[in-house]
Each structure stands twice: as structure tokens, then as C-alpha cells.
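Me: Hi! I have a protein model open and I'd like to walk through it with you. Could you help me get my bearings?

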Amino acid sequence: MEFQQEIRGFLMSRRARITPEQAGLPYIGGNRRVKGLRREEVAMLAGLSVEYYTRIERGRLGGASESVLDAIARALQLDDDERAHLYDLARSIGPGSPRKRPKRPSPITASVQQGPRLHERSRRGANLARYVFLDPRAQAFYADIDEAKNQVVAILRATAGRDPLDQQVTELIGELTTRSPDFSTRWAKHNVRRHSRGRKVVHHPAVGTMNLAYDDFALPGDPHVSITTYTADPGTPSADALTLLATWADTQKQPQTISNDVRRIRPRHP
């Protein structure tokens, strides 16, 4: 991922979505040549010179102080995920010591403490991204495939911002860009989201529709590997379906297990 191009695309996309009215600026009649805020308007809102903000938006973000990053984040009305992404981009291009990420609360939620529960351990986003964009079965699996695609792209964008030199992530983005025009279109929007918690409605071919809460936990030893737990509210049809799915999954393993046991106890012939 080209650092300066990523910074430029992200900042331009964020200011393009904010109207002067949304930013609290007085209305001035006449046609505007740009969608959203102008650079000079962002600079004014952030308390920066137009020249300095223009340099930053062109990708020369290295050396920007935390107060400058915070001022830009406020001017562009960035949410927590977008603010963290801006800090990641500044770290990726800045000299010397790493910057501090904005602190984000990570409470143990009720969905983590109760079951039934499904666990998924994988390279963050990689398998899911290929499934959503390249596997036609995903269309029937997700109740809202459009939202699923937007979420995967936004998570992958945030992941790439945290570690732009990650070769596997870079190769995955290149693969999806080449093989899926749909992915390319969504990728160009520069939306970011941290994969932490939420809800999904899925249609499993074995047990039907399930409304599940998910929580994602990065492993301390490798920030690119995570464990995602999917849980259902107790006493709901989704909880029953999740329990049934666990039982069904066990039955799928039994023939292979029995076969292995037979091979282990079968006497060898001379």
C-alpha cells in the first residue's frame, strides 16, 4: 500500500462527505466546485494554515504532532475507528518512535460471558474476505450481503493501515482488487472499521437462520491473528440452532474419527 496515496485518499474522502452546514460554517451562496468541504475550510476548522493542511493531505503526514492529528480529526468529524486509522497512517510514515493510539475501551461484554458459543481462529479478515467476495454461497449465507461486504472492506482497510508492510494483507488486497470489481469499488471509498463486536444474521444450510452477537479478540503474540466468538442470546431460537449446529458438527467428524481408529487398531499383515 502506497503510504502517501493512502493518506491522500482517506483525508479527501472524509472531507468530501461533510457539508459546510454540517461543519457549522455559514452558508455562502453560489456553486461549489468541490463536494463537501474545501481544504481551506478544513484548515480553518483545525486551526492550521492552508499550506500546512494541503501538505498533510498530499501525504506528507510524517512529523505531525498529536495535537495536529486531533485537530484534523475534530474538523473532519472522524469517529473512533477513523481517528485510530489516522494515527496508524501517521505512524506508518513518521520518523522515529511510534505514536500512541487513542485509548479504546474493551470491556468484557455479556455476550462473551454466556453461551452457546462458536469460535473462529484465523488470519484476521483473510478467509472471510475471500468468502464474501469470491464465493457465490456467501450471497445466501448472509441476510445482508451488502452490509457484510462493506464491513469486510472497512475492516481490511483498517488492518492495512495498522501494518502497511504486512505482505499477506497486501497480497490479499491485490488479489481481491484483481478478481472482484465489486471489491475495488468499495475499497476506493476509504471507509474504515475496527473489528471488535456487533451482530450478524446468517442463514446456515444445516440449522437455518441465526441472529448472533460476535466479539473479536486479537491474540497478544500476533496482532494479525484473532479469535472471534459468535454467541446467541439464551433461550432464543438462535441459541437452540447454535447448540444444534455444534451437535451436527460433531456428527460430521465421527466417520473420519472412526476411520482413523480402525487404521490404528488394524493388525499389520506380514
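**A chat about the model**

Reply: Happy to! Of the 270 residues in the protein, 41% count as buried. Keep in mind that this is a predicted model.

Me: Good to know. How many helices and strands are there in the protein?

Reply: The secondary structure comes to 12 helices and four strands.

Me: And what share of the contacts join residues at least 24 apart, among contacts between residues at least 6 apart in sequence?

Reply: Among those contacts, 60% join residues at least 24 apart.

Me: Let's pick a pair of helices. At what angle do α1 and α5 cross?

Reply: Helix α1 covers residues 3–16 and helix α5 covers residues 80–93, and their axes cross at roughly 155°. The two axes come within 10 Å. That makes α1 roughly antiparallel to α5.

Me: Why give both an angle and a distance?

Reply: Because two packed helices are described by the angle between their axes and the distance between the axes.

Me: OK! Is the crossing of α1 and α5 left-handed or right-handed?

Reply: The crossing of α1 and α5 is left-handed.

Me: Which residues make the contact?

Reply: From α1 you have Phe3, Gln4, Glu6, Ile7, Phe10, Leu11 and Arg14. From α5 come Glu82, His85, Leu86, Leu89, Ser92 and Ile93. Sorted by class, the contact of α1 with α5 has seven nonpolar, three polar and three charged residues.

Me: Nice. Now α4: which of its residues are buried?

Reply: The buried residues of α4 are Val68, Leu69, Ala71, Ile72, Ala73 and Ala75.

Me: What covers the buried residues of α4?

Reply: The cover includes α1, α2 (39–46), α3 (50–57) and α5.

Me: What happens in the chain just after α4?

Reply: Just after α4, Gln77 takes a positive phi of about 55°. Gln77 is found in the loop between α4 (66–75) and α5. With 42% relative accessibility, Gln77 counts as partly exposed.

Me: What about His190 and its phi?

Reply: His190 has a positive phi of about 60°, although it is not a glycine. His190 lies in the loop between α11 and β2.

Me: Is His190 buried or exposed?

Reply: His190 is buried, with a relative accessible area of 11%.

Me: While we're in that part of the chain, where is Val192?

Reply: Val192 lies in the loop between α11 (181–187) and β2 (197–204). Val192 is buried, with a relative accessible area of 7%.

Me: Which residues does Val192 touch?

Reply: Leaving out residues up to four places away in sequence, Val192 touches Phe10, Asp81, Glu82, His85, Ala154, Arg157 and Ala158.

Me: Another loop, please. Where does Arg60 lie?

Reply: Arg60 lies in the loop between α3 and α4. Arg60 touches Gln4 and Arg55, not counting residues up to four places away in sequence. Arg60 and Ala90 are 30 residues apart in sequence, and C-alpha to C-alpha they are 9.0 Å apart in space.

Me: Changing topic: how many aromatic pairs does a search of the whole structure find?

Reply: The search finds six aromatic pairs. One of them is Tyr131 with Phe141, an edge-to-face pair with 6.0 Å centre to centre and 80° between the planes. Tyr131 lies in helix α7 (residues 126–134) and Phe141 in helix α8 (residues 138–141), so the pair ties together parts that are 10 residues apart in sequence.

Me: How exposed is Tyr131?

Reply: Tyr131 is partly exposed, with a relative accessible area of 22%. Tyr131, Phe141 and Tyr142 form one aromatic cluster.

Me: And what about Tyr214 and Tyr230?

Reply: Tyr214 and Tyr230 form a tilted aromatic pair, 6.2 Å centre to centre with 50° between the planes. The pair links distant parts of the chain, with Tyr214 in strand β3 (residues 208–219) and Tyr230 in strand β4 (residues 222–231), 16 residues apart. Both Tyr214 and Tyr230 are buried.

Me: Thanks, that helps a lot!

Key. Residues are numbered from 1 along each chain as its sequence is written. This is a predicted model: local features need pLDDT of at least 70, side-chain atom pairs count only at pLDDT 80 or more; totals for chains, interfaces and linings use all residues. Side-chain values use heavy atoms; hydrogens and water are left out. Axes are lines fitted to C-alpha atoms, for helices over the stretch in contact, and angles run from 0 to 180 degrees between N-to-C directions. Helices (H or I, at least four residues) and strands (E, at least two) are DSSP runs, numbered from the N terminus. Angles under 35 degrees count as roughly parallel, over 145 as roughly antiparallel, 65 to 115 as roughly perpendicular and the rest as oblique. A crossing is left-handed if the near helix is turned anticlockwise from the far one by less than a right angle, and right-handed if clockwise. Contact means heavy atoms within 4.5 Å. Ala, Val, Leu, Ile, Met, Phe, Trp, Tyr, Cys and Pro count as nonpolar, Asp, Glu, Lys and Arg as charged, and the others, Gly among them, as polar. Rings of Phe, Tyr and Trp (its six-membered ring) pair if their centres lie within 6.5 Å; planes under 30 degrees apart count as stacked, over 60 as edge-to-face and the rest as tilted. Buried means under 20% relative accessible area, exposed over 50%, partly exposed in between (1.4 Å probe, protein chains only).
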